[in-house]
Amino acid sequence: VRSAIDQLNEKLESSDVEIVIETDTSETLEKNFDLIKQLALYGGILAVLILWFFLRRLRLVSVIALAIPISVLVSLNFFYFFGITLNSLTLVGMALAIGMLLDNSIVVLENIYRLYEKGLDAESAVVQGTKEVIRPIIASTLTTITVFLPFIFTDEYLLRLIGNQVGISIISALCVSLVVALFLIPMITHYY
C-alpha cells in the first residue's frame with residue numbers, strides 16, 4: 001500500500017495533490033501478530049517439555065513433537081481453501097489448538113508403546129495399538145470440533161466472522177492432527 005501511495009503521489013505531484021497516511025494500525029497489528037506467534041511457539045515448547053517430563057523417552061517425545069508443525073503447516077492449506085488469511089484471530093485459534101494437537105498422538109503412541117513393552121513385535125504393536133484407540137480418538141476429536149461448528153454457521157455477523165477465523169483454524173488443525181495420529185505416528189513408530 002505504501003509503494004502504491006508513493007507511485008500515486010509521483011503522478012499527482014504535478015497537480016499539487018498529495019496522498020497522506022492519516023493513521024497506520026499496521027505496526028500495532030504486526031506487533032500483535034509477532035506476539036501471538038511467539039506465545040504459540042512458547043506454548044508448543046512447553047508442551048514438549050511437559051511430555052519429556054512425563055515420558056522420559058526422547059524417541060517418543062520427538063515423534064509426538066512432529067505432530068505440531070505438521071498439523072499447523074498442513075492446516076494452513078485449509079485457510080486457503082476457505083479463503084481465510086493469516087491474522088490475529090486465526091493465530092489465536094492455532095495457538096489454542098496447539099495443546100489439543102498432541103492429545104491424539106499421545107494416546108496412539110502410548111498405546112503402541114504399551115503393547116510393544118508387553119512383548120508384541122513392532123508391526124503387531126503398531127497395528128493393534130492404533131486399532132484399539134481409533135474410535136475414542138475420533139469421538140474425542142469430533143466432539144471438540146462440534147463445539148465450534150455453531151459459531152461458523154450462525155447468522156450473527158460478528159460471531160460468524162470470529163467463528164470462521166478461530167473455528168476453522170481450530171477445526172482444520174484438529175482434523176489434520178487426527179490424520180497425523182492415525183497414520184503418520186504409527187508409521188514413524190514402526191520404523192523408529
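Contact here means heavy atoms within 4.5 Å. The model is predicted, so local features need pLDDT of at least 70 and side-chain atom pairs count only at pLDDT 80 or more, while totals for chains, interfaces and linings use all residues. Residues are numbered from 1 along each chain as its sequence is written, and side-chain values use heavy atoms, with hydrogens and water left out.

Select Leu-102. Setting aside residues up to four places away in sequence, Leu-102 touches Ala-47, Leu-51, Ile-64, Ala-67 and Ile-68.

Now show the largest nonpolar core, which has 42 residues; Leu-102 and Val-108 touch the most other members. Such a core is a set of buried Ala, Val, Leu, Ile, Met, Phe, Trp, Tyr and Cys residues joined through side-chain atoms within 4.5 Å. Buried means under 20% relative accessible area, exposed over 50%, and partly exposed in between (1.4 Å probe, protein chains only). At least two core residues come from each of H2, H3, H4 (67-82), H5 (88-117), H6 (122-152) and H7 (157-191). H7 gives the most, with 13 residues. Helices are DSSP runs (H or I, at least four residues), numbered from the N terminus.

Next, go to Tyr-42 in helix H2 (residues 26-55). Tyr-42 has a relative accessible area of 43%, so this residue is partly exposed.

Finally, select Ser-62 in helix H3 (residues 58-65). Its relative accessibility is 26%, so Ser-62 counts as partly exposed. From Ser-62 to Trp-52 the C-alpha to C-alpha distance is 9.2 Å, and the two are 10 residues apart in sequence.
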